[in-house]
Amino acid sequence: GNIDIVTQHLQSACIVRADQSKDNKSDCFLIGSYITMKLLHLCNIIGQFAILNAFLQLDTFFGPALAHRLTAGHSWKTTGLFPRVTFCDINVRGFMNSTRPYRMQCA
């Protein structure tokens, strides 16, 4: 997949750079920066799930609980986690039989 392509690219870049110069500090910086960014992205994901969990006031962690319930065969409606609010498009009849579209929050 994509990880294999990125890994091959990083390896080939390191080999080319090693052939061009003997300075490995920039190579280590590049790889270290890449890994650091990936770890920061992972922390961001976990943090967003934590904020979502606090906002929804759930007793279980939202992301893993939802994934577990969906893979166990429950439907979206029976999980009780999502969707909390939906929007409906309706047409309201007005003056002289004209209709106007409205988007309203449904339960």
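Q: In which helix is Leu52 found?

A: This is a predicted model. Leu52 belongs to helix α2.

Q: Is Leu52 buried, partly exposed or exposed?

A: Buried means under 20% relative accessible area and exposed means over 50%, with partly exposed in between. Leu52 has a relative accessibility of 30%, so Leu52 counts as partly exposed.

Q: What separates the C-alpha atoms of Leu52 and Phe62?

A: The two residues are ten apart along the chain, and their C-alpha atoms lie 7.2 Å from each other.

Q: Which residues of α3 are buried?

A: Phe62 is one of them, along with Gly63, Ala65 and Leu66. After α3 comes Gly73, which has a positive phi near 105°.

Q: Where does Phe61 lie, and how accessible is Phe61?

A: Phe61 sits in the loop that runs between α2 (25-56) and α3 (62-71). Its relative accessible area is 34%, which means that Phe61 is partly exposed.

Q: Which residues make the nonpolar surface patch?

A: A residue needs over 30% relative accessible area and no salt bridge to be part of a patch, and nonpolar side chains are joined within 5 Å. Here the patch covers about 710 Å². Phe61 contributes to it together with Tyr34, Ile35, Leu39, Leu42, Ile45, Ile46 and Phe49.

Q: How many salt bridges does the structure hold?

A: The cut-off is a side-chain nitrogen of Lys or Arg within 4 Å of a carboxyl oxygen of Asp or Glu. The structure holds one such salt bridge. Arg103 and Asp89 form it through their side chains, at 2.7 Å from N to O. This pair links distant parts of the chain, 14 residues apart: Arg103 is in strand β2 (residues 99-106) and Asp89 is in strand β1 (residues 86-93).

Q: Are Arg103 and Asp89 buried or exposed?

A: Arg103 has 60% relative accessibility and so counts as exposed. Asp89 has a relative accessible area of 56%, so Asp89 is exposed.

Q: How many residues of β2 are buried?

A: The count is zero among the eight residues of β2, so the strand is hardly covered under the 20% cut-off.

Q: How many bridges join β1 to β2?

A: Strands are taken as paired if DSSP finds at least two bridges between them. β1 and β2 are joined by eight bridges and run antiparallel. One of the bridge pairs is Cys88 with Met104, the latter in β2.

Q: Which residue takes a positive phi in the hairpin of β1 and β2?

A: Met96 does, with phi near 55°, and the hairpin has five residues between its strands.

Conventions: Residues numbered from 1 in each chain as written. Predicted model: local features only at pLDDT ≥ 70, side-chain atom pairs only at ≥ 80, totals over all residues. Heavy atoms only, no water. Patch = residues over 30% accessible without salt bridge, like charges linked within 9 Å, V, L, I, M, F, W, Y side chains within 5 Å. Areas by Shrake-Rupley, 256 points an atom, 1.4 Å probe, with all protein chains shown as cover. Helix = DSSP H or I, 4+ residues; strand = E, 2+ residues; numbered from the N terminus. Buried < 20%, exposed > 50% of the residue type's maximum accessible area, 1.4 Å probe, protein only.
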